Amino acid sequence: MPQHDHDSSLRHRLGRTLRTPIGVTALTACLLVALVAVLGPVLLGDRAAQVDTDAINQGSSAAHLLGTDQLGRDIAARVVVATRLTLRLTLMAAVIGVGGGLLLGVAPAVVGRRLGRLITATVGVLVAFPGLLFLLFLATIFGVGSTGAVFAVALAMVPPMARLVQNLTASIAGSDYVAAARILGVGRFRMVVRHLLPNIAEPSVLFATQATGGILVAFSGLSFLGLGVQPPQYDWGRLLNEQLNRIFVNPAAALAPGAAVVLTGLMFGLVGEVLAQAGGRRAPQAPETTPQEELGTPHEPAVEHVGGALVRARDLRVTFPGGRQAVRGISLDIGEGEAVGLVGESGSGKSLSALALADLVPHPGRVSAAALGFDGHDLRADPRLGTELAMVFQDPMASLNPALRVGRQLAEVAEVHLGASRAEATARAVDRLDAVRIATPGRRARQRPHEYSGGMRQRAVIAMGLMGKPKLITADEPTTALDVAVQRQVLDLLAEVREESGAALLLISHDLAVVAQVCERVLVMYAGLVVENLPVTELLGGAAHPYTRALVGAVPTMTTDRGTELATIPGRPPEPGETGAGCPFAARCERARERCHEDTPELTDLGPGRQVACWYPVGTAAAGRSVAATAHTAHTAKATS
């Protein structure tokens, strides 16, 4: 994706994160420490250096907040003044350590194989060496003093940084775009700068920021041991060393430098957490302002709970960097207790549409909508996942932690979302396993996922969704990996769950037979758009969109002649970003006319409970006129010739 799009997205997420409590705290702490470092020596430098033999080793008082040292100098002023030197040396060590780690980390990906293996093995040996011993070893080599301490701490940081970068670049170096760049003859320096470093920047910056707190502690430790800053200079570690022997007489004097180290280290940790949230999927999803809201013009209400609609989405979009839209403005309603099927080819946007409802779209995807309501709540501001909205994913093994017992995982849902005690949550987990027809649920709750069969794992995932009181169950291809007999059991179970709980069901599938068995209404998606909305009773014989008819025609039935070749849809679906003007299905549609390639059809009503996005839907007057016009044109052309 274009670098400016990535930078803009990162700035947007960073600005949004800085408005959260943790972001405000981190920003305030950074500004405070920066002000102290800049203004401290200017305002209190003379006071910190002033020797007063009449005030030697005094305790805390109004004149001296933390007391005085053995030369009568004000300890509070010295702690403030020491901030600049401590931070300067810490940041110098961090820059050297990060730079060295990056160089060693990317080297195996660009140098020869033998040299790369040697570098990797060397880094592995250094990482395995105890960090504290390695630091002291380097400190003795570089000698006593602030310069030697900077290099010792910086080089001690290089191995873990290099190992992280090596792991990150190894996952990227095998990518197709890197291989293509090599084939095109891209130089090593350009390869690193353009293809490797931009793709590992976020985790590397996060690690470096959090490791800077450790560097501060390590540097202060060396000064405390007498290996770092030497008199007449002083940092927090040196001040702690000077006042340690008076800790029982004047505790504040000894604890103040230590508290400064701890609090500043926490500040670096907060900065790393902010960067993690801004750069990863955990970035808080603050409600975004639509253009209409910015202009103050009337717009559609965010949530409207009318007509028994449980879920109401309007102009729902999922956008990825570069402006590629995988879901391109769909609108849907799901009634209370209704079973709706969402069908289409792979890549049509089915799963992303459902994930957008649950606020689970993976980073760096972004969700926007004119309205996104669930049971009267605005899902953009108040996600309901875990309590009233349940998800059943395609691969149950990916939803269950293999290291935990199944009952413990189910119980965690009740503990986190319902506030239940451990005993209450465990009892409910056993009850839910029993509700999904798992025999001996008490014993099964103590087992791990690998001890379950495929069908039992899928039942356990459904039970996990029932730990709350769901009003909507979203099942994403829940039967794909199961054999026919187990598929039937799972489908029957979903029907039983709906009947007992009254929950609505959104079933995502590419199997029209499964949808026809379970659902009451079907939404057909193609290229990120809903192209048809019809009752399931009309699916097999009354579909109006050519794409829906093609999907139905590609599914064999029990009456299909074994010698008949199955119908196929020529071409392939467009990738996100490939769609332009006109109907997205026009290139594959045998009924397409000139208008289909120029204008995009909207989803319009086609009778009670039916909608279609097609200029010439099957079985309508428009389609008949189109066919007649085509025949007339052909006849005229033949007569003319």
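**Trp-615 and beyond**

Modeller: Trp-615 is partly exposed, with a relative accessible area of 22%. Keep in mind that this is a predicted model.

Colleague: Why does 22% make Trp-615 partly exposed?

Modeller: Because buried means under 20% and exposed means over 50%, with partly exposed in between. Trp-615 has 22%.

Colleague: Where does Trp-615 sit?

Modeller: In the loop between strand S13 (611-612) and helix H22 (621-640).

Colleague: How far is Trp-615 from Arg-595?

Modeller: Their C-alpha atoms are separated by 7.8 Å. Along the chain, Trp-615 and Arg-595 are 20 residues apart.

Colleague: Switching to holes. How many cavities of 30 Å³ or more turn up?

Modeller: Three, from a search of the whole structure. The second largest cavity holds about 80 Å³ of space.

Colleague: Which residues line the second largest cavity?

Modeller: The lining includes His-545, Pro-546, Phe-585, Arg-591 and Tyr-616. Cys-583, Cys-589, Cys-596 and Cys-614 are also among the lining residues.

Colleague: How does that lining divide into nonpolar, polar and charged?

Modeller: Nine residues are nonpolar, one is polar and one is charged.

Colleague: Which helices supply at least two residues each?

Modeller: Helix H5 (131-142) and helix H6 (146-173). H5 gives the largest share, three residues.

Colleague: And Leu-155, where is that?

Modeller: In helix H6. Leu-155 counts as partly exposed, because its relative accessibility is 32%.

Colleague: On to charges. How many salt bridges are there?

Modeller: The structure holds 15. One of them pairs the side chains of Arg-47 and Asp-74, at 3.2 Å from N to O. This pair links distant parts of the chain, 27 residues apart. Arg-47 is in helix H2 (residues 21-49), while Asp-74 is in the loop between H2 and helix H3 (75-110).

Colleague: Is Asp-74 buried or exposed?

Modeller: Buried, because its relative accessibility is 4%.

Colleague: What does Arg-437 bridge to?

Modeller: Glu-500, with the closest N and O atoms 3.5 Å apart. That pair also links distant parts of the chain, 63 residues apart. Arg-437 lies in the loop between helix H15 (422-435) and helix H16 (441-444). Glu-500 is in helix H18 (residues 484-501).

Colleague: How accessible are Arg-437 and Glu-500?

Modeller: Arg-437 is at 45%, so it counts as partly exposed. Glu-500 reaches 60%, so Glu-500 counts as exposed.

Terms used:
Residues are numbered from 1 along each chain as its sequence is written. This is a predicted model: local features need pLDDT of at least 70, side-chain atom pairs count only at pLDDT 80 or more; totals for chains, interfaces and linings use all residues. Side-chain values use heavy atoms; hydrogens and water are left out. On a 1 Å grid over the protein atoms alone, a cavity is a set of points where a 1.4 Å probe fits but cannot get out, and a pocket is an open set with protein on both sides within 12 Å along at least five of seven lines; lining residues have an atom within 4 Å of a point. Grid points are joined across faces, edges and corners, and a volume is the space filled by probe spheres set on the points. Ala, Val, Leu, Ile, Met, Phe, Trp, Tyr, Cys and Pro count as nonpolar, Asp, Glu, Lys and Arg as charged, and the others, Gly among them, as polar. Helices (H or I, at least four residues) and strands (E, at least two) are DSSP runs, numbered from the N terminus. Buried means under 20% relative accessible area, exposed over 50%, partly exposed in between (1.4 Å probe, protein chains only). A salt bridge is a side-chain nitrogen of Lys or Arg within 4 Å of a carboxyl oxygen of Asp or Glu.
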